[in-house]
Amino acid sequence: MLRYTLRRLLWMIPIVLGVAILVFTLMTFCPGDPAQILLSGSATDEDIQALRDNLGLNDPYLVRLGNFLGNTFLKFDLGSSWMTKVAIKDEIATRLPRTFTLGIISLLISVAVGIPLGIIAAVNQGRLGDNIATALALIGASIPGFWLALLLILLFSVKLNWLPSMGIGGVKYYILPALTGCTYGIATLTRQTRSSMLDVIRSDYITTARSKGVSELHVITRHALKNALIPIITVVGTHFGMMLGGQMITETIFSIPGMGSYIIGGVNQRDYPVVQIGSIFLAIVFSLSMLVVDLLYAAADPRIKARYSQSAKRKVKTK
Amino acid sequence: MTETKNAPFLEINDLKVEYFTKESVVHAVNGVTLTLEKGKTLGLVGETGAGKTTVAKSILRILPDVGARIVGGEIKLEGRDLLKSSEAEMRQIRGKRISMIFQDPMTALNPVQRVGDQIAEVIALHSNESAEAVRKRAEDMLEMVNIPRERYSEYPHQFSGGMKQRVVIAIALACNPELLLADEPTTALDVTIQAQVLRLIAQLRDKLGTSMMLITHDMGVVATHCDTVAVVYAGSVVEYGTKEQVFDHPTHPYTIGLFGAIPNMNVDERWLHPIEGLPPDPSHLPTGCAFHPRCKYATEACRTGEVPTVITPDGHQCRCHNTDAVLKGEGK
Amino acid sequence: MTEYQMKASLNQGKVRKSSEFLRVLKQLSYNKIAMFGLILFILELVLCLLSPVIAPYDYAAMDVIHMNETPSAAHWFGTDDLGRDILTRILFGGRYSITMSLLSVVVSLIFGVVIGSVAGYFGGWVDNVIMRILDIIQSLPGMLLTIVVSAALGNGYLNTVMALSVNGIPAQARMLRAQMMRVRGSEYVEAAQSINCSQVRIIAKHLFPNSFSPLIVQASMAIANRITMCSSLSFLGLGVQPPAPEWGAMLSGARQYIRDYPHMVIFPGLAIAVTVLALNLMGDGLRDALDPRLKR
């Protein structure tokens, strides 16, 4: 297992390098001259050219790419924002924890509410409880996150004046963003849990468990849920990725200085270094969470664990 | 206590079970009546989909929650009606007094639970022993079905099909049940292992003095292992008697057809004699005798109305209008 | 294998597919909720496409006298900060949101099929390289990728369609590749090879038709997600630009008036939510219809 984990971590290096090249290349295609945007309308052509030289924008693509990769991955110099001149590593040091905290809170709420709701729906299949849970989940999955954010602000900040609608501070400030973030998660987890529980409940080994005299509660929790967990873990993993993406918009709406609002600001202002480095960090977080998901699989299913160990051994042999 | 001294060990009276979907109702079991004496083995024979498994699952009351419904009848274990027992009482019976061996060992074991733990679970549920004692008993059970006790901690995917079925048998026999329901225990196995597994079941049954209901579609298996036989067609028992009665004097046209489909080694036959036609669609059963569309003895009376159960000359039961004609071989 | 068996095996591919497809449609038509979703979506699509004919106002016509009006008989969904009729703008906006999403799904499908079949057909290092590139693309959260690509391609209708489709390509390509791998090993392809069927013919007649249905299903399930993505992009100021009445762009513009004129925020978002809901209802039905365990 350790070998598998190490192999996956090593594999992340080329992936992250690939992401860096991909994002760098995409940014060079962006229409609009960053120098012009930085200097605003009053600048002369000479000023612009000087700034372009200074930023290295006049170098050929490969030279710039080489410099970027060298600085980032060999010297670990993340550079600074063209716009604010603040070092990117300082920004990320303060912003990444916020994004991560918000993401984890949303994820935990999604799991804590979504999975039990899905189980209740599956156990009461076709009855009132199921219908209510399914309908709520369907609605939750259909509301776009940014609209939900606006509706929450409308209700809790504008009408009721209970919660702040923007910025950061105490716990209060995280409530609305977390609600926005977890709604879709609760909905998809409820749906996935329900359907995989229904799959599993029809399996023969559940009948076996019943034939042994296992109580219904233990049939559900000990036998069914453990087996239903595997597709649920997949959804938790992919959902975490989607949430990181969706949270970019949530952060922008609630003016939370996190990674998402940083990158979106960078895109809008053609602040290339910010977008590049920010994307690399999000890709690392995403890849790590995917690795955690795969390790959770192995913990949930001995068959997958066996496959991982085997493939690790085989790879080593062929090398 | 409703238990009476003279009641037969297991008595099924007029059991009716339906499966229903939005579009249709499937009449899986239509008035099955059977009895089983203590220590004896009853063979339930019939084609796939005839309702044999449903009868077994009804006894344990482990039919699927959604879509299955026991419409009527009684299932009495030593005089006590299981269909009227509470769920808590049933849990005490399942695995302890009655247990079941399932058809497909590939899917009958929980893939994420250690094999030994699956045996230990049923022991722990029905005894008050310590965890170590339970584990030891589970290991003993593994050995009893010829699996080394060291393999207690392995998972089902590490076992072959035959070994899995032996684990299922170990689970079923772990608490010395009084009644064992064996649902086609060898169908999913390789031919070479089938005999071995059946022999194992029979040995353990004899050793523990268990009564057994053996579900099969294999007349050969019935011949070696059963005391009484019930032939099931479309959810009804069409012929019921001791093994000798049914094998020596098959009276129902369907039973005769089943025997005709077995190659006779003593006679040089060029063709087998399959039963013409297909088993009926259980959601649209034919009126009258369900077998009449396939029956060469069918008369007008077979097409409508109830079919009587007659006692044949040698004393076993047969559900047919035309037993006389059948016995004289007067088919069209 | 006898000639008869071989024929049966060869036919299996084709027959199975068409009957499978019809069965799915039939199953779907039994599902009232799914049909409701489908009808709702088609109704929306038709209304939006007919917007130039049926919309009560001009979507760009400003009306200083009737600015910021709450819903009334004249303006069912009220007016926005420039006095434009919100209902009209939602109808016209649907033309963008819905058609862009549908188009982007088609584009993903086409690219996915090409890339996936190249990978699946050639195998070896070609497959490896393609798969690693897809790994890289998929290691970025979807929204981030879409935002960056959209920024790179610039604004406008077609550019945004392309940006939206990039995110869906890897999944489609992987699906087709997996399907092709699966089909390649199946008996009827072996049977076709055994009677000396040419490679091209095998691909055209057997591999493709049998790989397609899960692909189409995946694509149709993606539409709902694409609608949200599309409006998210324009909400951020990327994608379709004002004064074009895209739903996300309308929300973006209305955001600053949330305190005083909440109706401006509510209706465009409701349009997105209802569309996505309709598509989800349909998608659920489709999934149920494809579920082999529900076959009766």
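**Figure 1. The β1–β2 hairpin of chain B in the predicted model.** Strands β1(B) and β2(B) form a hairpin, with 4 residues between them. The model shown here and in the other views is predicted. Strand β1 of chain B covers residues 10-20, strand β2 of chain B covers residues 25-36, and the two pair in the antiparallel sense over 9 bridges.

**Figure 2. Helix α4 of chain B and its surroundings.** Helix α4 of chain B spans residues 115-125; 10 of its 11 residues are buried, so the helix is largely enclosed by the rest of the structure. The buried residues of α4(B) are B:V115, B:G116, B:Q118, B:I119, B:A120, B:E121, B:V122, B:I123, B:A124 and B:L125. They pack against two helices of chain B, namely α5 (131-144) and α6 (161-173). Within α4(B), the buried residues include B:I119. Leaving aside residues up to four places away in sequence, B:I119 touches B:A138, B:M141, B:L142, B:V167, B:A170, B:I171 and B:A174.

**Figure 3. The largest nonpolar core.** This core has 240 residues, and those with the most contacts inside it are B:I119, B:A170 and C:V148. The element that gives the most to the core is helix α10 of chain A (residues 216-253), with 14 residues. Domain 1 (2-74) and domain 2 (96-318) of chain A both give residues to the core, which therefore lies between them.

**Figure 4. The contact between chains A and C.** Here 40 residues of chain A are in contact with 32 residues of chain C. On the side of chain A that touches chain C, the elements giving two or more residues are α1 (2-29), α6 (128-142), α7 (145-159), α10, α11 (259-268) and α12 (272-300) of chain A. The residues on this side of chain A divide into 31 nonpolar and 9 polar, with no charged residues.

**Figure 5. The contact between chains B and A.** In this view, 25 residues of chain B are in contact with 21 residues of chain A. On the side of chain B that touches chain A, at least two residues each are supplied by α2 (87-93), β6 (98-101), α3 (105-108) and α4 of chain B. The largest share of this side, 3 residues, comes from α4(B). The residues of the side of chain B that touches chain A divide into 13 nonpolar, 7 polar and 5 charged.

Definitions and conventions:
Residues numbered from 1 in each chain as written. Chains lettered and ligands numbered in written order. Predicted model: local features only at pLDDT ≥ 70, side-chain atom pairs only at ≥ 80, totals over all residues. Core = buried A, V, L, I, M, F, W, Y, C linked by C-beta atoms within 7 Å. Buried ≥ 20, exposed ≤ 12 C-beta atoms within 10 Å, placed from the backbone. Domains from an automatic or database assignment. Contact = placed C-beta atoms within 7 Å. Pairing = 2+ DSSP bridges. Nonpolar A, V, L, I, M, F, W, Y, C, P; charged D, E, K, R; others polar.
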